[in-house]
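The sequence and structure come before the text.

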Amino acid sequence: MLLLLAPLEEGELYIKIMSGTFSVIPIFAIVRKDIGIWLRQPWYIASTVLPAVSLLVILFFFQQAVGRNPVAIVVEDNGPHAQELVKILTNSDAFRIAMITAAQQNAEEALKQLRVAAVITIPSNFDAAFDSHRPDPVTIHINNLNLDFTNDLRRSLPAAITEFYADKNNHNLGSGNTSIVVVPRSGSTSRRQICVNRILNS
Amino acid sequence: MAIVTVPPNFDAALKRGDQIQLPVVVNNLNVDFTNDIRRAVPLAITSFYANTFPNQVVVTAHEVDAYSQDTGYVQYLIVSLMVVSIMLGGLLQGGSNAAREYEKGTIKELLLAPTSPWAIQAGKILGALALNSFSVVLVIIVIVFLIGVWPVHWDELFSYVLLLMITFVAAGVLVGTLIRRRQPVIPFSVGLCIPVFFISGAFGPAIWGDPITSAVTQLQPVYYGIAVFQHAFHDFTTTPTGPEFDGFILVAFTAVMVAVSAIALGTTRRRGVVH
């Protein structure tokens with residue numbers, strides 16, 4: 001099909017399709033009329049714009065929905081190992097620290113009032129148990145409303161403990177070995193090398 | 001999405017205390033699932049050491065859960081979706097029914113009837129409510145019998161379903177009364193439901209999100225609707241105010257919505273209908 005825009009008569013444009021021709025004036029008149037009606041109806045404008053804006057707004061809120069949840073840390077031990085674990089937990093990318101306190105009751109109250117999603121408690125004998133190689137559990141009290149963020153929190157504390165041991169290994173041995181090496185590769189893939197024996201040597 | 005390679009000399013190197021490198025190739029298309037892998041591999045190594053050499057890995061995580069059993073993501077999310085489906089159904093049904101009266105010109109007959117705008121609007125709401133109930137019953141059947149999310153509190157479920165239906169049908173009638181055309185009612189309703197769904201704590205308590213968003217969302221009924229439905233289905237508390245207070249707020253929203261809807265119709269009667 002041949003579509004041409006050509007001035008057949010002075011001052012007026014015509015569209016030529018195959019062998020027929022017709023003026024563009026009615027086309028623009030209809031467009032102008034429809035836009036005019038649309039502009040005079042605020043509800044029509046709102047109903048045109050709202051779905052598109054809604055979809056853009058979704059991105060912002062969806063980012064928050066999958067974002068980091070607030071967590072409280074109860075630090076009952078002021079020893080260096082406990083402080084190191086607190087530092088690692090504070091820098092965790094799995095959650096954000098909303099409260100650091102020495103009072104268990106305050107944190108549990110925050111959990112009850114939904115101000116935090118979990119309470120991580122570092123016990124008063126943390127350093128002593130660690131130094132004497134006795135079992136040294138760090139408690140995490142989770143508001144397990146749904147598995148999505150509960151699993152994030154479940155993984156984040158052991159991940160922090162792993163990092164804690166990795167740091168211990170580097171400091172204690174003074175080996176200077178980099179425990180985790182990330183070597184970016186071409187495309188969308190990265191290579192990560194993890195030293196397995198860093199914990200065993202600590 | 002990732003390849004973890006255990007090298008051939010793994011056991012021998014472990015016995016000798018040599019350094020062992022585990023190459024992990026990750027397809028890091030986006031940070032969300034890449035971080036899952038990044039956390040999972042070191043976690044697996046720590047678990048391995050904790051099991052094999054318990055005396056050396058003494059720091060462990062001891063988990064205490066607030067609820068006796070975990071709830072899956074779909075089971076949680078479906079309850080939030082039900083609230084939004086009631087909202088969308090109510091807005092569309094109520095809005096279309098009210099707007100049709102203006103499009104067909106039959107609103108003049110209603111306004112000339114010797115009765116109050118409250119009675120007219122109550123009739124419109126009840127009519128739309130009856131029609132909307134078919135879709136709501138269908139949604140409940142799918143959630144309960146097909147997906148298998150069994151409500152803990154059936155009485156709360158039916159009470160709050162009715163309350164939310166009245167709220168959103170009244171809102172729909174209000175929208176239809178104001179817009180007076182069916183065509184824009186549909187995109188307006190859909191466009192309103194989508195962002196409201198995301199800000200109302202559909203995925204988890206809204207209060208854990210951005211402070212401004214969590215403050216704004218408390219001004220609209222879907223936030224309280226999701227909270228009371230999560231309690232009815234799972235016995236969860238997802239707002240600091242608790243399900244009883246949230247129920248009272250919903251009753252207030254319903255009363256306000258019905259009142260505003262009737263006032264809007266009363267204003268139409270005073271001003272007259274122009275075509």
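## Helix packing in chain B

Helix α6 (residues 154–179) of chain B and helix α9 (residues 221–234) of chain B have axes that come within 9 Å and cross at roughly 165°. Axes here are lines fitted to C-alpha atoms, for helices over the stretch in contact, and angles run from 0 to 180 degrees between N-to-C directions. α6(B) and α9(B) are therefore roughly antiparallel to each other, a term for angles over 145 degrees, with under 35 counted as roughly parallel, 65 to 115 as roughly perpendicular and the rest as oblique. The crossing of α6(B) and α9(B) is left-handed, that is, the near helix is turned anticlockwise from the far one by less than a right angle.

From α6(B), the contact is made by B:Glu156, B:Leu157, B:Tyr160, B:Leu164 and B:Thr167. α9(B) contributes B:Pro221, B:Gly225, B:Val228, B:Phe229, B:His231 and B:Ala232. Two residues are in contact if their C-beta atoms, placed from the backbone, lie within 7 Å. By class, the contact of α6(B) with α9(B) has 7 nonpolar, 3 polar and 1 charged residues. Ala, Val, Leu, Ile, Met, Phe, Trp, Tyr, Cys and Pro count as nonpolar, Asp, Glu, Lys and Arg as charged, and the others, Gly among them, as polar.

## Basis of the model

This is a predicted model, in which local features need pLDDT of at least 70, side-chain atom pairs count only at pLDDT 80 or more, and totals for chains, interfaces and linings use all residues. Residues are numbered from 1 along each chain as its sequence is written, while chains are lettered from A and ligands numbered from 1 in the order in which they are written.

## Domains and chain A

The domain assignment (automatic or from a database) divides chain B into domain 1 (2–52) and domain 2 (73–271). The centres of these domains of chain B, taken over C-alpha atoms, are separated by 50 Å.

Chain A has 6 helices and 9 strands, taken as DSSP runs numbered from the N terminus (helices H or I, at least four residues; strands E, at least two). Of the 202 residues in chain A, 31% are buried. A residue is buried if 20 or more other C-beta atoms lie within 10 Å of its own, exposed if 12 or fewer, and partly exposed in between.

## Interface of chains A and B

In the interface, 65 residues of chain B are in contact with 64 residues of chain A. On the chain B side, β2 (21–27), α2 (31–52), β3 (59–65), α3 (73–104) and α7 (182–199) each supply at least two residues. α7(B) gives the most, with 10 residues. The chain B side divides into 39 nonpolar, 19 polar and 7 charged residues.

## Selected residues

A:Phe149 is found in helix α6 (residues 147–173) of chain A and counts as buried, with 27 C-beta neighbours inside 10 Å. Not counting residues up to four places away in sequence, A:Phe149 touches A:Asn69, A:Ala117 and B:Gly204. A:Phe149 and A:Ala117 are 32 residues apart in sequence and 8.9 Å apart in space, C-alpha to C-alpha.

Most residues other than glycine have a negative phi. A:His133, in the loop between α5 (126–131) and β7 (136–142) of chain A, has a positive phi near 55°. A:His133 is exposed, with 12 other C-beta atoms within 10 Å. B:Asp235 has a positive phi of about 65° and lies in the loop between α9 and α10 (243–271) of chain B. B:Asp235 is partly exposed, with 14 other C-beta atoms within 10 Å.
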